[in-house]
Amino acid sequence: MTIVADCGGGLATTYLGSRRRLAAIALATGCLSILTLGLYLFVGTVRLRRWHWSAMRPGGQPLEYTGNPLDLFASAIAAVAVLVFWLVILVPSVTTASIVLSGHRAPGWVIGGAALLPLWYWVRYRARAGRLAQTRWRGLRFGVVQGEVGYALRAVWHWFVTILSLGVLWPRMTFALEKYRTDRTFFGTARFEQGGRWRVLWSGFVPVYLTGIGCAAALVAGLSGAPAALWLLIPLGGALVGAAVAYRVRSLGIMASEKRLAGLRLSVRPSPARVGRIIGFGGLSAVILGLLPAVGAGIVALSVWPGDLSVVPDALMALGPPGWAVLVVLAAAQVAMLLLAVVAWQTLVTAPVQRHYAESVTLYGASALHDIRARPSTGEHRPAAMREPGVAS
Amino acid sequence: MTLRTVISVGLNVAPYQGRADYFDGLTPVPEPVSLSFADESSAKGHDRGQDTHHGTGPALVIARRGGEPLRWPLGSLRALPGRAGADDGLILGVAGGGAARLMLDSADTALIRARAHRLDHRFHPSRWRRATARILGAVLCIGVMIGVLGPAVTGGLARGLPTDVRSALGDQMQDRIRRALDPAGDGVPLCTAPEGMAALRKIAARLGAATAGPGSVPESIRVSVLDHPEIIALSLPGGRVVLFRGVIQAAASAEEVAAVLAHALGHISGADPTRRALGPAGFVGGLGLNLADAAGGRGAPAVVTRVVAARHAPWAEAAARADAVARLAAAGVALESGRGFVDGLARAEDGPAPALRHYLPTTPPPSGTAPGPLLSGSEWAALRATCTGNGPDGSGA
């Protein structure tokens with residue numbers, strides 16, 4: 001077995017996985033999740049993650065996902081608890097304050113809705129921490145120090161600044177939040193560091209910004225008396241989505257290439273065009289695959305009830321048992337549609353995109369790995385040694 | 001079983017010598033090691049003192065370059081589950097979640113699989129106790145927030161709101177509902193025929209004076225009639241009651257209108273409207289009204305009606321009903337028993353419309369002193385004609 005996959009002095013990343021197995025896992029997850037009213041989703045997520053993690057092999061050694069369904073379920077319930085807190089305690093309090101201060105409920109509702117923003121970032125930070133705590137590479141665990149509150153507050157601040165700047169400072173938010181996350185991430189005893197400056201993301205953001213302004217202008221013009229302008233939204237919207245994907249891929253590569261880990265350096269060079277092609281073709285295939293059962297069911301329905309399809313449910317119910325059978329077929333087709341689309345998306349989009357990302361990663365300075373040790377394991381979610389951030393940023 | 005015997009006996013064949021990468025779980029640096037099997041018998045003859053803490057069963061021996069060989073008992077060998085690669089070797093560890101890993105080529109897979117029979121048993125520890133505790137804790141949190149803390153917070157806030165603020169809120173909500181029900185025009189009109197409104201005020205005064213009941217209504221009650229055919233009676237913050245025209249049309253007598261009013265007052269005495277206006281239901285309802293406004297087209301009126309006619313929580317409905325019965329009794333309002341209350345409701349051919357039944361008591365109020373009919377015949381006629389002045393739409397009797 002090769003210890004080191006050499007690539008011009010760096011450790012290359014390989015990607016190896018049977019997509020047939022992935023499709024089988026995705027299909028089983030979908031079917032069993034429906035049968036168990038969603039409970040199997042957590043088992044399925046663990047299986048999917050094991051597949052994705054182990055396919056990715058930096059330096060030839062696969063990542064290992066050690067999480068389990070019960071923990072995932074617990075995290076999901078905790079997220080629901082946060083949502084309930086928001087709905088039954090936060091929203092009423094803010095609404096009341098709003099009535100007392102302004103005489104109206106609407107400002108409170110807006111602020112209450114906006115309160116979802118920090119909660120969203122809070123939950124996302126915790127989810128990432130949980131994922132990384134369950135990830136091993138070469139026998140060592142990753143980990144993230146506590147910092148969800150700071151993360152959520154920073155996210156709010158950056159959203160505020162970004163809105164004030166009419167979106168110009170969006171890349172600054174992208175970079176700042178990535179740096180906050182990265183600087184609190186560990187591999188063993190070694191801490192990641194995000195280098196670089198946010199301005200390097202700007203050139204990639206210009207197309208997003210321009211197409212975004214174009215869309216907004218078309219929307220405003222269309223709604224204020226020139227409906228023809230709304231047609232411009234189709235090409236402009238497409239361009240905006242393309243530009244956004246390109247920005248995401250480029251910024252991910254740029255920022256990852258500026259990450260350091262105890263003397264280790266990453267080089268990540270994903271190609272936006274390649275990712276765009278994968279998403280485009282894979283997404284199209286997913287839609288076509290998803291439509292197949294719908295077409296089949298439509299043919300069945302038409303052969304039994306050659307009438308107006310828009311009245312189908314009532315008409316079929318009136319037909320008696322053959323009609324009910326068709327209704328069952330239609331419902332099954334709808335479920336099959338969803339399942340096939342999900343399976344196709346996993347195998348034709350998620351996995352190829354991951355593969356492309358993985359294969360564009362090279363690790364330099366691997367000798368620094370000799371200085372990294374495992375963190376003392378306390379059996380906890382996050383080791384005690386990591387509770388104090390000790391982050392100089 | 002047989003395989004194991006064959007290998008241990010056939011020593012004239014070259015013994016297994018495999019190679020692998022070993023990760024000790026302490027450093028992320030691979031260590032090339034050589035592998036061999038040790039059986040019970042050979043372990044006994046071998047260096048005994050070294051192996052005591054590993055047991056003496058058949059084991060995989062991992063020979064490290066600079067250090068003592070490790071013995072991993074075959075029974076506790078585990079293969080990393082769920083790997084993406086189809087057949088590219090094994091990653092081995094020891095049951096119980098230790099971090100040390102052994103990465104083998106696919107060439108050795110069959111041999112290891114033949115000897116280690118529990119390879120595919122559970123690898124990662126399940127830690128179900130901790131997870132279960134987390135789940136129970138979170139579920140308990142959710143239950144307390146929904147069942148205790150949320151209602152307490154909303155109830156406290158509702159009680160703390162000054163009366164004038166509550167009244168303003170009720171007026172606002174009435175206007176919002178009128179606009180939502182008539183998105184094309186400038187709001188559903190209020191019915192204002194003076195004789196009809198006077199009759200209604202007479203009923204309200206008699207019920208409102210009956211505050212000796214279990215709940216009191218602190219606000220001055222303000223009743224308005226909305227020129228809309230739905231059978232809905234709304235109670236809003238600030239003691240505001242909004243009867244839809246449909247209620248008056250569906251009612252068989254002034255006493256039934258009084259029963260509907262009493263039900264609304266029951267909600268008001270429980271501060272239900274303010275509580276709902278502040279709470280999650282108000283937030284979701286407001287969102288629904290705004291979405292329906294934005295959507296405009298088909299289905300929007302149905303959404304609006306649903307939001308407007310949404311019931312209170314079951315316990316609040318029960319309390320309002322009990323309060324209404326006591327209030328009707330105190331006011332001496334005798335409901336016509338022919339319309340039936342308990343099970344007569346569903347049977348009676350000319351029974352009240354289903355939407356109206358919600359507001360009527362399910363048990364007849366105890367017959368107390370009956371100081372005569374609530375309204376005179378002409379007053380009742382005027383009440384039924386309250387909306388007549390509003391144009392052709394409201395003229396239906």
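Here is our chat about it, question by question.

Modeller: Keep in mind that this is a predicted model, where local features need pLDDT of at least 70, side-chain atom pairs count only at pLDDT 80 or more, and totals for chains, interfaces and linings use all residues. Residues are numbered from 1 along each chain as written, chains are lettered from A and ligands numbered from 1 in written order, and side-chain values use heavy atoms, leaving out hydrogens and water.

Colleague: Which residue does the disulfide join to Cys191(B)?

Modeller: A disulfide here is a pair of cysteine sulfur atoms within 2.5 Å, and the structure holds one over all chains. Its cysteines sit 196 residues apart, with Cys191(B) in strand β8 (residues 190-191) of chain B and its partner in the segment after α16 (377-384); strands are DSSP runs of E, at least two residues, and helices are runs of H or I, at least four, numbered from the N terminus. At an S to S distance of 1.9 Å, the partner is Cys387(B).

Colleague: Is Cys191(B) buried or exposed?

Modeller: Buried means under 20% relative accessible area, exposed over 50%, and partly exposed in between (1.4 Å probe, protein chains only). Cys141(B) counts as partly exposed because its relative accessibility is 45%. Cys387(B) is buried, and Cys191(B) is likewise buried.

Colleague: How many residues does helix α5 of chain A have?

Modeller: The helix runs over residues 116-133 and reaches 25 Å from first C-alpha to last. The expected span is 1.5 Å times one less than the number of residues. That expectation is 26 Å, close to the span found, and the count is 18 residues.
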